[in-house]
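Let's walk through how the chains of this model meet one another. Have the sequence and the 3D view ready.

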Amino acid sequence: MNNKITQNLYLLPYALWIVLFVIAPLLLVLYYSFFDIEGHFSLMNYMNFFTPVYMKMAFSSFWYAFLITFISLIFAYPTAYLLTKTRHKQLWLLLIIVPSWINLLLKAYAFLGIFGTKGIANSFLEAIGVGSKQILFTDFSFIFVSVYIFIPFMILPIFNSLNEMNPSLLDAANDLGASKWTTFRRVIFPLTINGVKSGCQVVFIPALSLFMLTRLIAGNRVITLGTAIEQHFLVTRDWGMGSTIAVFLIIIMFLIMSVTGNRKRGV
Amino acid sequence: MSKLVRFFFAIILVSAVLFYTVHELNNSEGYSGRNTLTIYNWGDYIDPQLIKRFEKETGVKVIYETFDSNEAMLTKIEQGGTTYDIAIPSEYMIDKMRKERLLIPLDHSKLPNLHYIDKRFMDLPFDEDNKYSVPYFWGTVGIVYNSKMLGGKKITSWNDLWDSDLRNKILLIDGAREVMGMGLNSLGYSLNDTNHNHLHQAKRKLDLLTPNIKAIVGDESRLLLENEEASIGLVWSGVASEIMSENKNLEYAVPKEGSNLWFDNMVIPKTAKNIKAAHKFINFMLDPKIAAKNAEYVNYSTPNKHALSYMPKGTVNDERFYPSPELTRKLEVYENLGKKNLAYYNELFLEFKMHRK
Amino acid sequence: MDNKINPMSRIFLALIFLILYAPIFFLVFYSFNSGGTMYGFKSFTLDWYKELFQDSRLLIIVMNTLVIALLSSLFATIIGVFGALGIHSMKKRQTKNTLLSLNNVLIVSPDVIIGASFLILFTMAGIKLGMFSVLLSHIAFSIPIVVLMVLPKLSEMSPTLIDAARDLGASRWNVLAKVVLPYITPGIFAGFFMALTYSLDDFAVTFFVTGNGFTTLSVEIYSLARRGISLNVNALSTLLFLFTLVLVVVYYFISQRNKPNGWGVNK
């Protein structure tokens, strides 16, 4: 009996955290979502959410989060793979993370300069003969910068699972005459699926509620649920409606987790 | 395992050294003493030299904290847990705060310098008799445009912006009151209008502006306009005067249909602990010489009538930034419309932003 | 080992690093601009650096930021690792998924909501706003990312490894210290560094829960935006960036010397 308690004692801080910093705020948000702007109990906010404006917004949040995750994955996987092949792989990996320690707003301002009409990106386009284009405030710049922000979060877990792979497995596959593509599809990818999954989760979930970049880089051409929440909390101070949208975001996240959750233990 | 332990130990060691240094620095700067004054202001909205001078003259140590929006500041003051002695909100927020009993009435007998403020900026509807607030800076909302990029074109009214020549040239501010106000003003309505019919008309008119809008941005608009990323922008006069001093092609116009007149005032929030020092500070900032120095640093328009004589003639006589009472008469100050109307403004603004997609 | 990589891949990696560092080089470049803005380089100057070192308020803010980032990441990593161990040991798939979803709530919630609800909780609990409340919040929002970085490593670990150790008579603690922890070390480091990223980048949560003179760099930079960010912030970022770079490289080579295998797992 005593043994069991000490066995689970190490879980105490984590359990405390769940109760104090997850469940308590969750209840708070749920509670606020039932109050309209004048502080009366109502279901108005939920009815409001199912109007075309918010549905359209939810859809566009999904679409952009999907694009960001997908493109991050396309670039992160080969990067992680190649990194595992370098001599000082841990050092290179750290160097992937270092840029993310510089303040986000400053980096966004730097991108305003780089993508500007007289910026480096346009000088490059002119040099190769494409000619100057408007890059700022387009879907392209928004997705580019978002991928830029999120890609270290994708590379890291993939790198860690690739790094653990037993090289003898690859040799075996080679010996059995598998082509490079088959080896990748049948051996490498399935073995790293856990890393890919956790990478997608840490990119997709926060990408759903992006807000600052939608204004800075996309000039509000992209409107996501995060933008709406920010406006409700900080401008209208309509915490009820803001909380309602947050409740939906959390429900969506629960759905995603149960879909991508592990069917079996391990691989 | 030992690697982890070593790593974590190193982290703790580094943190301890840093923490100790901060502690020592704070002590040597006097921040841990009793006689402190906490000022809650927008970032870089005061000449830091003046804070030093105030500290020297009074022996009060100033702690300077910053916020980036009126609403965020309100949330902090409402919740408490902090001791802000001075805050500098905008006018509609002052109205809201006094109604929510978040402000401490000022003791005018402790503010002998108050008479230096121009009478036209005193006793305004958002704070009658200046019971709670004292003007800090003021200005207008208008249009900055790059006459060179527009080929010498002049812009004098809101309706000029709907010109089909201006495709993809305009930067709007990401604020419901500013953008909806522009729509309302262009139709000849008040920017405090709450008639749903009028608001819908304004929103429909704004939808038509969509092809001309390059982006709806925040504070970064100053950077984009100054560097000719866009040729037209909806801005506050303070921003305009700053970027115009950097780029000579820029012009500022307050549209003839009318626009917004704004104030940032000093208040003492209910979280204040050192009310005596707070009054001292307000009175200090009201001194004409100090106000003039501050206005030259911040570049916004000072409401201090006597300060003007200490400032360059070119600045003070510039009608664009120091408009005469005749010009400001047709401008309107934002009224606190109440939560419900504000929410309606925001809903329409959100729909307008979605329309652009 | 480098010669395992063909030239095409080398170019790909170089390009990824170039893009990741482009905005930082941009910021560094303009920190030497006498023109005062991040557009149009006028002439070389070190004035911004001089100004920086006279600004003791800014230096205090920087050190506060670092203390918070390091300590919060450390605590978050410790709690998160135990949390991950707990989640991993859950037998029922459903409990596991529920716990994991709860874990992710803070990742999906927009910062303004987390900040506002933490603020309400802290004031309700009577905690004085300041360094302590900021530290607590940073620990709280960094825990989930640590869990997500550690979990894939745990599920990759074969259960037979633990069984084998058990059969050899190792105690629970010994299994943890000698088998499990070394195996998941890369995940722990990944979690720590990601937590550091979260902490250094956070603006909204810190804004709400700070007070009484305690400010971090992000809050300061964001509130500067209304009046335009001065180039001494660029100068500051440059110094911090160089300092981090040196630290990372030195740390890497020291750990290399101590253990020929790097600080990856010891196979």
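Predicted model: local features only at pLDDT ≥ 70, side-chain atom pairs only at ≥ 80, totals over all residues.

Residues are numbered from 1 along each chain as its sequence is written, while chains are lettered from A and ligands numbered from 1 in the order in which they are written.

Start with chain C against chain A: 77 residues of chain C touch 74 residues of chain A. Contact here asks for C-beta atoms, placed from the backbone, within 7 Å. Among the elements giving two or more residues to the chain C side are helix 3 (56-89), helix 8 (172-201) and helix 11 (231-258) of chain C. The largest share, 12 residues, is from helix 1 of chain C. Helices (H or I, at least four residues) and strands (E, at least two) are DSSP runs, numbered from the N terminus.

Chain B also meets chain A, with 25 residues from chain B and 24 residues from chain A. On the chain B side, helix 3 (70-79), strand 6 (213-217) and helix 13 (339-355) of chain B give two or more residues each, and helix 13 of chain B has the largest share, 9 residues.

Now back to strand 6 of chain B. Since 5 of its 5 residues are buried (20 or more other C-beta atoms within 10 Å of their own, C-beta atoms being placed from the backbone), strand 6 of chain B is largely enclosed by the rest of the structure. Strand 5 (residues 170-173) of chain B runs parallel to strand 6 of chain B, with 4 bridges joining them; strands pair if DSSP finds at least two bridges between them. One of the bridges puts B:Ile170 with B:Ile213.

In chain C, an unreviewed UniProt entry annotates residues 62-251 as "domain: ABC transmembrane type-1". That span is 84% helix and 0% strand, and its end C-alpha atoms lie 21 Å apart.

Finally, the domain assignment of chain A gives domain 1 (14-50 + 238-267) and domain 2 (60-236). Their C-alpha centres are 27 Å apart.

Terms used:
UniProt positions renumbered as here; feature names shortened; annotations may be inferred. Contact = placed C-beta atoms within 7 Å. Buried ≥ 20, exposed ≤ 12 C-beta atoms within 10 Å, placed from the backbone. Domains from an automatic or database assignment.
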